[in-house]
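Dear colleague,

I am handing over the structure below, and my notes on the pockets and the core follow it. Please read them with the coordinates open beside you.

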Amino acid sequence: GTVGREPWDDYKQVLSELDLYSPEMLAKPRMVVANKMDEAVAEENLKKFKRKIRKVPVMPIAAAFDEGIEKFKLAIRAAVEEANAEEAEE
């Protein structure tokens with residue numbers, strides 16, 4: 001998060017904006033990407049955040065150092081393939 005803001009508050013803000021824009025999007029699967037994991041407070045913030053959203057996968061990355069990016073790409077690809085497979089079954 002940005003200095004003086006909590007990641008949890010940012011997350012809730014994004015969800016409320018999504019709800020205003022397109023409520024049906026809230027029913028879709030989601031993944032949270034936690035960037036800047038190289039920062040000192042990141043690990044503690046991530047633990048707190050994960051406790052608040054137990055059902056949503058959280059992927060830690062440090063984009064500036066190219067850490068976790070490949071795993072993130074693979075996770076997105078797998079999620080899209082799973083969604084396509086489910087759609088094909090309907």
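**Pockets and core**

Lys28, Pro29, Arg30, Ala79 and Ala83 lie nearest the centre of the second largest pocket, which has 14 lining residues. Please keep in mind that this is a predicted model. The volume of that second largest pocket is about 520 Å³, and its lining divides into eight nonpolar, one polar and five charged residues.

The largest pocket has a volume of about 710 Å³, and among the 28 residues that line it, Pro7, Val32, Val33, Ala34 and Phe49 are the closest to its centre. H1, S1 and H2 are the elements that give two or more residues to this lining, with H1 supplying the largest share, six residues. By class, the lining of the largest pocket comprises 17 nonpolar, four polar and seven charged residues.

Proline 7 lies in helix H1 and counts as partly exposed because its relative accessibility is 22%.

Leaving aside residues up to four places away in sequence, tyrosine 11 touches Arg30, Val32, Phe49, Ile53 and Val56.

With best regards

Methods
Residues are numbered from 1 along each chain as its sequence is written. This is a predicted model: local features need pLDDT of at least 70, side-chain atom pairs count only at pLDDT 80 or more; totals for chains, interfaces and linings use all residues. Side-chain values use heavy atoms; hydrogens and water are left out. Contact means heavy atoms within 4.5 Å. Helices (H or I, at least four residues) and strands (E, at least two) are DSSP runs, numbered from the N terminus. Buried means under 20% relative accessible area, exposed over 50%, partly exposed in between (1.4 Å probe, protein chains only). On a 1 Å grid over the protein atoms alone, a cavity is a set of points where a 1.4 Å probe fits but cannot get out, and a pocket is an open set with protein on both sides within 12 Å along at least five of seven lines; lining residues have an atom within 4 Å of a point. Grid points are joined across faces, edges and corners, and a volume is the space filled by probe spheres set on the points. Ala, Val, Leu, Ile, Met, Phe, Trp, Tyr, Cys and Pro count as nonpolar, Asp, Glu, Lys and Arg as charged, and the others, Gly among them, as polar.
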